[in-house]
Amino acid sequence: MQDESLYSANNMQAELHDAAQKLEDITWPIFPGSQILRWRKVVPNFLTILAVLVGLSSIYFGMEKKFHVSVWCILTAGLLDGLDGPAARLLKGTSRFGAELDSLSDYVNFGVAPGIVLYFWSGNQLGFIGWIICLIYVICMGCRLARFNAGVDFNASPATRNFFMGIPAPAGGALVLSPIIASFQFGDSFLLNGKNVRFDSPYLTLSIALIVGLLLVSRIPTYSSKMIHRRIFGKIGFFKILLFVGAAIGILSFIVAKTWLFALGFYTFYVASFPFSFWHFKRRVAKQRILRKEAALEKEKSKDK
């Protein structure tokens with residue numbers, strides 16, 4: 001028995017020695033290509049990391065009961081999330097690392113942070129049940145992003161690339177915060193059938209969280225923002241980026257006094273577009289099927305000839 005243990009120990013020592021020898025023989029860096037960080041890749045990734053830091057800060061301000069600041073942090077994270085992609089394409093600094101980092105940023109900024117902030121604002125009134133419902137929303141956000149990263153989405157097909165399967169992550173994060181934003185604009189409560197209903201009622205906020213979670217993982221076709229980019233802006237260029245930034249600054253300066261009202265109006269417009277996007281998607285799919293049938297018939301005719 002002692003001989004077997006000694007033999008096993010000697011084998012393990014020999015294997016460790018061989019592994020160490022192989023490491024010494026490796027020419028560093030291990031990965032091929034230059035390992036120097038280039039600014040054109042650092043800039044978009046820096047924006048993504050900054051978005052994560054701002055999104056996580058919303059949780060801190062939520063614990064401090066500073067919900068105005070929390071919501072602003074998440075909205076700012078959403079703005080930064082919308083800038084890192086165009087910045088990467090403009091600077092030609094797109095990378096697989098940046099794409100994965102952006103997905104992690106989306107999960108934190110639009111899943112984890114809004115879910116926890118919502119719990120601090122309202123869900124904690126139901127205790128553990130409220131916490132579980134907020135977790136369900138966070139899990140739905142994770143599943144939605146995993147499905148998108150796996151390419152199981154409508155926009156993976158050229159025929160339906162202008163549509164998302166379910167609502168995208170930024171929209172989910174914005175919609176789940178809509179009761180908090182409504183309380184900023186209209187006060188603590190609203191009238192419903194002659195009764196005052198508080199915006200921070202856990203039955204209202206957690207119901208919205210569940211509905212938004214289901215929309216995230218649903219197969220409902222919704223319009224993709226990339227459709228607007230393709231139809232209006234086309235190929236991204238430096239002049240168009242400046243034009244977009246200038247227009248954005250003008251719009252922001254115009255609505256700064258009515259920020260929350262503008263946000264609620266935009267969310268209402270977005271939700272109202274669901275029936276139109278569903279109809280548009282079905283029409284596009286039906287047209288694609290007709291084109292495929294016609295192509296198949298022409299192929300059969302050419303074979304017969």
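Is Asp 200 buried or exposed? In this predicted model, Asp 200 counts as buried, because its relative accessibility is 16% and the limit for that class is under 20%. The side chain of Asp 200 meets that of Arg 198 in a salt bridge, with 2.9 Å from N to O. Arg 198, by contrast, is partly exposed, its relative accessible area being 42%.

A search of the whole structure finds two salt bridges. Arg 96 is exposed, at a relative accessible area of 64%, whereas Glu 100 is partly exposed, at 40%.

The overall architecture may now be considered. The secondary structure of the protein comes to twelve helices and four strands. Of its 305 residues, 35% are buried. Among contacts between residues at least 6 apart in sequence, 77% join residues at least 24 apart. The accessible surface amounts to about 19,600 Å², and carbon and sulfur atoms account for 67% of that area.

Helix 4, which spans residues 96–121, also holds Ser 105. Ser 105 has a relative accessible area of 0% and is therefore buried. Which residues are in contact with Ser 105, leaving aside its neighbours within four places in sequence? They are Thr 48, Ala 51 and Val 52.

The buried residues of helix 7 are Ser 178, Pro 179, Ile 180, Ile 181, Ala 182, Ser 183 and Phe 184. What covers these buried residues includes helix 3 (67–90), helix 4, helix 6 (169–176), helix 8 (202–217) and helix 11 (259–272). After helix 7 comes Gly 187, which has a positive phi near 100°.

A positive phi is also found at Lys 65, where the value is about 65° although the residue is not a glycine. Lys 65 is placed in the loop between helix 2 (39–63) and helix 3.

Where do Arg 219, Lys 282, Arg 289, Arg 292 and Lys 293 gather? These five residues come together on the surface in a patch of positive charge. One of them, Lys 293, lies in helix 12, which covers residues 274–304. Lys 293 counts as exposed because its relative accessibility is 61%, where the class begins at values over 50%.

Lys 293, in contrast, counts as exposed and belongs to the patch of positive charge on the surface.

Definitions and conventions
Residues are numbered from 1 along each chain as its sequence is written. This is a predicted model: local features need pLDDT of at least 70, side-chain atom pairs count only at pLDDT 80 or more; totals for chains, interfaces and linings use all residues. Side-chain values use heavy atoms; hydrogens and water are left out. Patches are made of residues with over 30% relative accessible area and no salt bridge: like charges are joined within 9 Å, nonpolar side chains (Val, Leu, Ile, Met, Phe, Trp, Tyr) within 5 Å. Accessible areas come from the Shrake-Rupley method with a 1.4 Å probe; for residues, only the protein chains shown count as cover. A salt bridge is a side-chain nitrogen of Lys or Arg within 4 Å of a carboxyl oxygen of Asp or Glu. Lys and Arg count as positive and Asp and Glu as negative; His and the chain ends are not counted. The place of a charge is taken as NZ of Lys, CZ of Arg, CG of Asp or CD of Glu. Helices (H or I, at least four residues) and strands (E, at least two) are DSSP runs, numbered from the N terminus. Buried means under 20% relative accessible area, exposed over 50%, partly exposed in between (1.4 Å probe, protein chains only). Contact means heavy atoms within 4.5 Å.
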